[in-house]
Amino acid sequence: MRTMTVIGTGLIGTSVALAVSGRGVTVFLSDRDPAAARTAAALGAGLARAPGEPVDLAVIAVPPSQVGAVLTDAQERGVARAYTDVASVKAGPERAALRRAPDPARYIGGHPLAGRERSGPLAARAELFRDRNWVLTPSRLTSDEAFERALELVALCGAHPVVMHSRDHDAAVAVTSHVPHLMASLMAARLGEGPAGLARVAGQGLRDATRIAAGDSRLWGDILQANAPAVAGVLKDLHADLSRLVPALDALARGGAAERDLGMRTLVDLLERGISGLAGIPAAGHGRTADAASPERHGVLVRVAERPGELARLIAAVTDLGGSAEDAAAGLSGGGPGLTVRFAAPAGTAGRLVTALAADGWDAVREDDGGRPAREGREGRKDTRIPTA
């Protein structure tokens, strides 16, 4: 791909332009707000002017409700040889393309699964899409050329292509993106009506749960309107769960022994369902699930004495050496006193981590290929998670 035009220079459009211009593609920028296009150009995203001839690909980076009209206008003007969009709802733009666009075969829907709570060109980052999934939703009319151009765009941005039907995509993002944004907004709204001193006890958990509520309200209103049926369906399921949860909490607060027991079972069941659901979502920074996206990982076992501060010192040592304690687990040592702590490390670094830990005086070994410790059996070990917060 040699040339591209980006229509809409907000966060996503400017990030696309920065990514591909950094790979040698000549990018032309346009926006209904000339200042936004000029700002993107000043960031090095491209040229704030129209191309003199049709470009290889036009990327339409506007809200979902506007994709159809912008696509139709661009095709009528002959802006590009192929067209895609980056809206987070796909069925509506696809229907608009099939119904209104002069040449729907030259269009393929797209949605990069990346973003920030900030908006506008100044929030853009060239690396925003690196190692993220990028959904492509070809229609029954999409040409091979349009498909190939979209795949090339995904590759230039360092993302992973995922092909889905537009309706399947919209049903999925209602669960993974649109309803979570609503929940974050509802929770954040309670902060303005909370008790005195709330700000002094707000921790990282609250910030994690409400961060995305800072997104552009008009853009999110457009997104939620475009995907309203799927979002409403998920909210109805959540309502059913809340209808079980509230009586359970009331029983725990005021009920008798039998009612409290039933309430606790209901509460634990809902919490366990949440833990189970997390197992299928992508790990941070990866486009696939945690197991599928991560490289092969080997276990590193470290025996540690049960002295105050010793476990914290080990975790600090692993972190300093480039390891991670996020998946660490501890258990009783089968062959003697103390604890055995297991860390998971990429296959290429597990050996180096063991060597470095041993050099620092730790009793560290690797698990063998059969999944058993190299020095001790698993008998007698009772694993417990190590909290890292």
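## Salt bridges

A salt bridge is a side-chain nitrogen of Lys or Arg within 4 Å of a carboxyl oxygen of Asp or Glu. Arg 313 and Glu 310 form one, at 3.0 Å from N to O. The model is predicted: local features need pLDDT of at least 70, side-chain atom pairs count only at pLDDT 80 or more, and totals for chains, interfaces and linings use all residues. Residues are numbered from 1 along each chain as its sequence is written, and side-chain values use heavy atoms, with hydrogens and water left out.

Both Arg 313 and Glu 310 sit in helix 12 (residues 310-320). They are three residues apart, about one turn of the helix. Helices (H or I, at least four residues) and strands (E, at least two) are DSSP runs, numbered from the N terminus. Glu 310 is buried, at 10% relative accessible area. Arg 313 is partly exposed, at 46%. Here buried means under 20% relative accessible area, exposed means over 50%, and partly exposed lies in between (1.4 Å probe, protein chains only).

## Other pairs and a network

The whole structure holds 12 salt bridges. One of them joins the side chains of Arg 244 and Asp 269, at 3.5 Å from N to O. This pair links distant parts of the chain. Arg 244 belongs to helix 9 (residues 228-254) and Asp 269 to helix 10 (residues 257-278), 25 residues apart. Arg 244 is partly exposed at 35% relative accessibility. Asp 269 is partly exposed too, at 33%.

Asp 103 and Arg 106 also meet through their side chains, at 2.8 Å from N to O. Asp 103 has a relative accessible area of 29%, so it counts as partly exposed. Arg 106 is partly exposed at 32%. Salt bridges that share partners join Asp 56, Arg 81, Arg 149 and Glu 152 into one network.

## Nonpolar cores

A nonpolar core is a set of buried Ala, Val, Leu, Ile, Met, Phe, Trp, Tyr and Cys residues joined through side-chain atoms within 4.5 Å. The largest has 35 residues. Met 4, Val 16, Val 20, Val 59, Phe 129, Trp 134 and Leu 153 touch the most other members. Strand 1 (3-7), helix 1 (11-21), strand 2 (26-30), strand 3 (57-60), strand 6 (133-137) and helix 5 (144-156) each supply at least two residues of this core. Helix 1 gives the largest share, seven residues. Apart from this core lies another, of 18 residues, including Val 302, Ala 317, Ala 330 and Leu 339.

Neighbours within four places in sequence aside, Phe 129 is in contact with Ile 12, Ser 15, Val 16, Pro 112, Ala 114, Trp 134, Cys 157, Gly 158 and Ala 159. Contact means heavy atoms within 4.5 Å.

## A backbone detail

Asp 131 has a positive phi of about 65°, although it is not a glycine. Asp 131 lies in the loop between strand 5 (107-112) and strand 6. Its relative accessibility is 38%, so Asp 131 counts as partly exposed.

## The chain as a whole

The protein chain has 13 helices and 12 strands. Of its 389 residues, 38% count as buried. Among contacts with a separation of 6 or more, 70% come from residues 24 or more positions apart.

The accessible surface of the protein chain comes to about 20700 Å². Carbon and sulfur atoms hold 54% of this surface. Accessible areas come from the Shrake-Rupley method with a 1.4 Å probe; for residues, only the protein chains shown count as cover.
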